[in-house]
Amino acid sequence: MATVDFGSSADPEMDITSDDELEREAEGFKEQGNAFYVKKDYAEAFNFYTKAIDLCPKNASYYGNRAATLMMLSRYREALEDSQQAVRLDDTFMKGHMREGKCHLLLGNAMAASRCFQKVQELEPENSQVQQELKSAESILEFERLAEISFEKRDFRMVVFCMDRALQSASACHRFKVLKAECLALLGRYPEAQSVASDILRMDSTNGDALYVRGLCLYYEDCIDKAVQFFVQALRMAPDHEKARLACRNAKALKAKKEEGNKAFKEGSYEEAYDLYSEALTIDPNNIKTNAKLYCNRATVGSKLNKLDQAIEDCTKAIKLDETYIKAYMRRAQCYMDTEQYEEAVRDYEKVYQTEKTKEHKSLLKNAQLELKKSKRKDYYKVLGVEKNATEDEIKKAYRKRALMHHPDRHSGASAEVQKEEEKKFKEVGEAFTVLSDPKKKSRYDSGHDLEDDDMNMASGPGNFFFQFG
């Protein structure tokens, strides 16, 4: 707690009576201010110290007392001005230098604070309090240095740590708070960043840095129109704010390029849309949320262009940027289904269903699980070399062709190993035809049911059929 000076500083040797009276009256106001200060009624104390200053504007202790009061009211910039005026009037006023140093420290100006504390050391070499204050100033300078290095390395967590430590001694430093808020935004911790910036704006609605951070949070949350408004406002308050200028330019460019891509996609110009989304992704690597959407949009275009592997890769990049992005999981799962990577599809659909338990998601998951189950058994369509939507006639023709190809009589002169392999394939062809030529069995096979309990004679049926065509 700041201390005030309770001793009288009136000059008893003043020759002019009116001056004596003014000083006595000023001392009376000072005493009343002291009384309110002790009661912690700092607003009233401020009023009486101000009255004392109005009567005797060259009394250093009055400015010192008012500075102490302003510090208790957290009005540190005004307290700094009063402290500076006090030491201008009396350079040997130790408390004035100490208060000036504390104000500089609280406002984050550690270099200026150190100079003030060094002056206190000169005046009072045995002062133990000033040693601690000097250590605090040195710590702040070190945290500033480390934060600058960390920011250049994009180690934003370390910057937040340094600013938190620095703010323990420099609690009124808007510069440190803004840097912390900016790094919180860059880390994707938008609510925390917004909270810090809002606190600053409540105290100083014209703070360009805080307006920039508010805009940055909105920009990174893909609220680009609102973000631009804050960037413009920041530039109005601080026309030379380069970060706000760059962010505003990026926001406008990103929005325009994304909208161009969307337009091309809706018009069916998929190659053009793919290129536009790719260009948009180069504008600002820091905009995680928008870039996640752009990757997912490009994946959608990629799937239309049958670039399924690229589409899967883009979805993976989107998910890496935003692990909660359900649309990217859905798109990747569909691409996995289209490329028959059913295990991966099941994994993605399970993630989706755990997050949003809807009927649609449950149905998609069940379908993926069914396709996975089907993929682990013999693919009779592949055995016969036909598509899954093949007609009955196409299945018969394919069977005849494959049966002829693998018939044991055709390979009677081959080695025992080849004969064994061809016989195995011949039996598989028979099994496939037995199932796919029977509408009931084919339906059960297509729906994923197990056929082991169907009492089928896989060997005799197709053999007889083959010899009908023989």
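Start with α4 and α5, which are roughly antiparallel to each other (the term covers angles over 145 degrees; under 35 counts as roughly parallel, 65 to 115 as roughly perpendicular and the rest as oblique). This is a predicted model: local features need pLDDT of at least 70, side-chain atom pairs count only at pLDDT 80 or more, and totals for chains, interfaces and linings use all residues. Residues are numbered from 1 along each chain as its sequence is written, and side-chain values use heavy atoms, with hydrogens and water left out.

**Stop 1: α4 against α5**

Select residues 76-89 for helix α4 and residues 94-106 for helix α5. Helices (H or I, at least four residues) and strands (E, at least two) are DSSP runs, numbered from the N terminus. The two helices pack at about 150°, and their axes are 8 Å apart. Axes are lines fitted to C-alpha atoms, for helices over the stretch in contact; angles run from 0 to 180 degrees between N-to-C directions. α4 passes α5 in a left-handed crossing (the near helix is turned anticlockwise from the far one by less than a right angle; clockwise would be right-handed).

Now show the side chains. From α4, take Y76, A79, L80, S83, Q84 and V87; they meet G96, H97, R99, E100, C103, H104 and L106 in α5. Contact means heavy atoms within 4.5 Å. By class, this contact has six nonpolar, five polar and two charged residues. Ala, Val, Leu, Ile, Met, Phe, Trp, Tyr, Cys and Pro count as nonpolar, Asp, Glu, Lys and Arg as charged, and the others, Gly among them, as polar.

**Stop 2: α3 against α4**

On the α3 side, pick A60, Y63, G64, R66, A67, L70 and M71; on the α4 side, Y76, E78, A79, D82, S83, Q85, A86 and L89. The contact of α3 with α4 divides into nine nonpolar, three polar and three charged residues.

**Stop 3: α14 against α15**

Jump to residues 270-280 (helix α14) and 288-304 (helix α15). Their axes come within 9 Å and cross at roughly 155°. That makes α14 roughly antiparallel to α15. The crossing is left-handed. Display Y270, A273, Y274, Y277, S278 and A280 in α14, which meet L294, N297, R298, V301, G302 and K304 in α15. This contact has seven nonpolar, three polar and two charged residues.

**Stop 4: a salt bridge from R298**

Stay on R298. Its side chain meets that of D314 in a salt bridge, 2.8 Å from N to O. The pair links distant parts of the chain: R298 sits in α15, D314 in helix α16 (residues 308-321), 16 residues apart. The rule (a side-chain nitrogen of Lys or Arg within 4 Å of a carboxyl oxygen of Asp or Glu) gives 25 salt bridges.

**Stop 5: the annotated spans**

Select residues 26-59: 79% helix, 0% strand, end C-alpha atoms 10 Å apart. Residues 208-241 are 79% helix and 0% strand, with end C-alpha atoms 8 Å apart.

Finish at residues 379-449, listed in the unreviewed UniProt entry as "domain: J". This span is 69% helix and 0% strand, and its end C-alpha atoms are 13 Å apart.

Note on methods. UniProt positions renumbered as here; feature names shortened; annotations may be inferred.
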